[in-house]
Amino acid sequence: MTVTDRLYKVEEEEKRKKNTVILMLLYFAAGFVLSFGRVVGDVAPFGISLVAASRKKYFALAAVGAALGCVITGFNENAARYLAGIALAALGSLAAAAFELHSRPSYVLSVAFFADFISGFVLNLSLGADYQGYILLFSESVLCSGGAFFFYRSINACKKRIRPRALPVSDLSCIMISLSILLMNLSFFTLGGICPARIGAMLFVLYAVRFAPERRALIFALSLGFSLGIYNKGTLFLVGAFAFAALVAFLFKPFSYFAAGTSFFCSMAFFAIASKSEITFALFIEALAATLIFVLTPPRLSAKIEKLFFDDLETVPDGSLRQNLVLKLRFASHAMAAISESVDEVRERINDIVRRKNELERETLSDEEYIRREIVLEKTNQIRSAASDQFFSIADMLSDLAFEFDEAETFDTQSAMQIRRALASREIYPGNICVIEDKFKRVRVEILTDSDISAVSDKRLTEEIGKICSRYFDEPQITNFKNESMLSYFEKPNYILNVGYAQHSAEGKLCGDTVKVVNDGKGRSILIISDGMGKGSRAALDGAMGAGLIAKLICAGFGFDSALKVVNSALLVKSSDESLATIDIASVDLFTGKCEMFKAGAPASYILKNKGVTKCELTSMPAGILRAVEFAKRTAVLSEGDAVALMSDGICDLGDGWVSDTLTSVSDEMGVQEAADAILTRALCAMKGKKIDDMSIVYAKLERN
């Protein structure tokens with residue numbers, strides 16, 4: 001494990017511990033609130049529900065919080081009864097943790113029901129309650145069990161680590177009802193008769209009306225209205241009031257969100273007056289306050305709130321094709337890694353058995369035969385090691401693909417439909433269209449078609465697709481298959497990277513250095529220099545293999561590290577002779593200017609920024625020597641007018657001072673190709689009369705697009 005991996009592991013462990021502490025505090029606070037509040041008289045079963053639904057290390061904190069809430073409300077027979085119920089629920093959760101029973105919802109519901117029922121039954125028995133008391137107790141236990149169900153579903157939905165807007169409606173409803181139960185227990189808190197919880201609930205419904213689909217907004221309204229309505233007998237009308245007010249607001253929403261807010265206020269005011277409840281005046285003031293906050297919300301804040309509510313058509317729900325594909329890719333990656341470990345284990349065992357056999361037969365073998373066997377064993381061992389490395393490389397590549405698919409935040413099906421209509425008007429009928437927005441909010445469009453490429457790649461079509469997606473796109477990249485073509489439209493970046501390069505062959509016409517400049521299709525321009533060992537054709541072959549393979553793999557969507565492992569394995573098994581290549585990469589993000597350096601045995605690179613020269617030198621091993629090889633990495637940020645220079649060791653051997661002086665003397669008025677040619681010419685002059693190596697220089701400058 002590298003130092004970077006260890007640091008990453010330590011950071012992840014610290015982050016995990018911090019999250020655990022926060023969750024423990026949240027469970028404690030939730031348990032306290034759910035037992036401190038009372039609903040419909042003196043009923044408080046939801047603290048028991050939370051304890052029953054909580055998992056492993058959290059149920060104890062939930063139980064302590066719930067017990068504290070019961071005690072603070074006043075210690076009497078009823079409080080003692082709930083304390084007993086909390087203790088029984090905690091014992092049930094302890095058993096679930098010991099025997100892994102939390103995966104069974106029926107067990108959780110049973111624990112909640114019987115914990116509440118048994119403690120209440122004992123109290124009723126001691127007080128000599130009549131049959132009505134037992135009926136009420138049974139109803140309360142069912143309510144407790146129902147609360148546990150919603151808490152259980154919400155906790156498991158959050159464990160999926162899916163964005164709330166991408167959750168299925170059933171999970172989202174359970175989360176909403178769970179939060180509503182919590183809100184219901186907070187509604188006991190008032191300021192001069194005004195309840196902040198009710199203001200918050202009405203404000204949430206108004207935002208849902210404005211930003212969410214009708215079905216989801218009505219779920220929110222019904223859940224919140226129910227939770228606030230059953231607080232006591234005089235507020236049950238809130239269930240219908242919230243739902244009706246939301247429906248009316250939807251009717252006026254097409255006119256303006258101001259009209260929607262006003263209609264919501266009028267509906268709530270009507271219910272407040274018609275109910276003749278003790279909270280009539282308070283509800284009127286609360287509805288007015290919520291409406292004013294809603295109408296006066298600044299646009300910037302509204303944009304942030306809108307992200308909480310997302311149309312179903314633009315989200316990828318749990319269980320979608322994309323998530324299923326990500327799951328299968330990750331599973332395949334783990335399977336390949338397991339196969340590699342098995343091959344390594346078998347290799348070591350076979351190696352040990354054969355070596356022991358050779359040692360046992362050493363006295364009967366001639367020196368020549370013994371050496372021959374050792375050589376055969378070593379070569380066979382190398383082949384098996386290479387096979388193991390290939391499986392590991394495949395595992396990494398599958399993991400990279402899974403990460404790439406998982407990065408796609410949303411699939412914009414509405415824009416895809418509009419693009420299909422635009423293509424149909426041109427008599428183009430593609431097989432598949434994907435409009436994908438990644439986590440950086442960058443959009444790309446992929447179109448699979450068997451139509452005439454000249455018609456599909458028309459510049460006017462690019463502009464039309466850009467208008468549909470509200471983005472500016474570059475001209476499409478075309479990838480041809482047997483009978484189909486893939487057109488990929490990528491968002492036009494903020495910068496362009498102007499690149500110039502120059503080379504000199506030290507021996508013959510073939511240069512041992514290979515230069516590649518590629519665009520990965522995600523807004524990154526990638527510069528590559530691969531220097532093969534030695535000079536001439538053999539060095540050229542190693543350099544071409546290193547640069548060519550890694551360029552193709554990166555453009556195909558694989559990560560730099562997994563691509564390096566493939567190149568390393570290819571060089572190891574290429575021939576019986578030693579074969580190696582240094583690899584030097586600079587990856588520049590054309591949206592942000594972020595420049596990432598990756599080096600495998602490569603010499604220093606240089607960054608020209610504000611007329612100064614910064615050297616980037618990293619210690620690493622070239623590919624093709626050892627099985628385990630990793631990139632050394634460094635990051636810099638380029639601004640407009642900054643430049644980066646990659647060189648092979650033929651130029652870097654002239655020394656840091658010479659390179660820095662030469663780069664500084666390059667005029668800003670020179671083009672990048674002129675600058676590359678000038679540096680190479682000066683290097684050849686400086687090495688005149690000396691033994692020289694192959695020379696390559698890549699000079700790239702970042703410019704505003």
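The axes of helix H3 (residues 56-72) and helix H4 (residues 77-99) come within 10 Å and cross at roughly 180°, where axes are lines fitted to C-alpha atoms over the stretch in contact and angles run from 0 to 180 degrees between N-to-C directions. Helices are DSSP runs of H or I with at least four residues, numbered from the N terminus. This is a predicted model, in which local features need pLDDT of at least 70 and side-chain atom pairs count only at pLDDT 80 or more, while totals for chains, interfaces and linings use all residues. Residues are numbered from 1 along each chain as its sequence is written, and side-chain values use heavy atoms, with hydrogens and water left out.

**Exercise 1.** Work out how H3 and H4 are oriented to each other, and which classes of residue make their contact.

Step 1: Angles over 145 degrees count as roughly antiparallel, and H3 and H4 are therefore roughly antiparallel to each other.
Step 2: On H3 the contact (heavy atoms within 4.5 Å) includes Phe59, Ala63 and Cys70, and on H4 it includes Tyr82, Leu83 and Ile86.
Step 3: Sorted by class, this contact has 13 nonpolar, one polar and one charged residues; Ala, Val, Leu, Ile, Met, Phe, Trp, Tyr, Cys and Pro count as nonpolar, Asp, Glu, Lys and Arg as charged, and the others, Gly among them, as polar.

**Exercise 2.** Describe in the same way the packing of H2 and H4.

Step 1: Helix H2 (residues 46-53) packs with H4 at an angle of about 10°, their axes being 8 Å apart.
Step 2: Angles under 35 degrees count as roughly parallel, and H2 and H4 are therefore roughly parallel to each other.
Step 3: Ile48, Val51 and Ala52 of H2 take part, and among their partners on H4 are Tyr82, Gly85 and Ile86.
Step 4: The contact of H2 with H4 has seven nonpolar, two polar and no charged residues.

**Exercise 3.** Find what Arg81 pairs with, and which helices the pair joins.

Step 1: Arg81 forms a salt bridge (a side-chain nitrogen of Lys or Arg within 4 Å of a carboxyl oxygen of Asp or Glu) with Glu140, the closest N and O atoms being 3.5 Å apart.
Step 2: Arg81 lies in helix H4 and Glu140 in helix H6 (residues 131-159), so the pair ties together parts that are 59 residues apart in sequence.

Note on methods
Helix = DSSP H or I, 4+ residues; strand = E, 2+ residues; numbered from the N terminus. Parallel < 35°, antiparallel > 145°, perpendicular 65-115°, else oblique.
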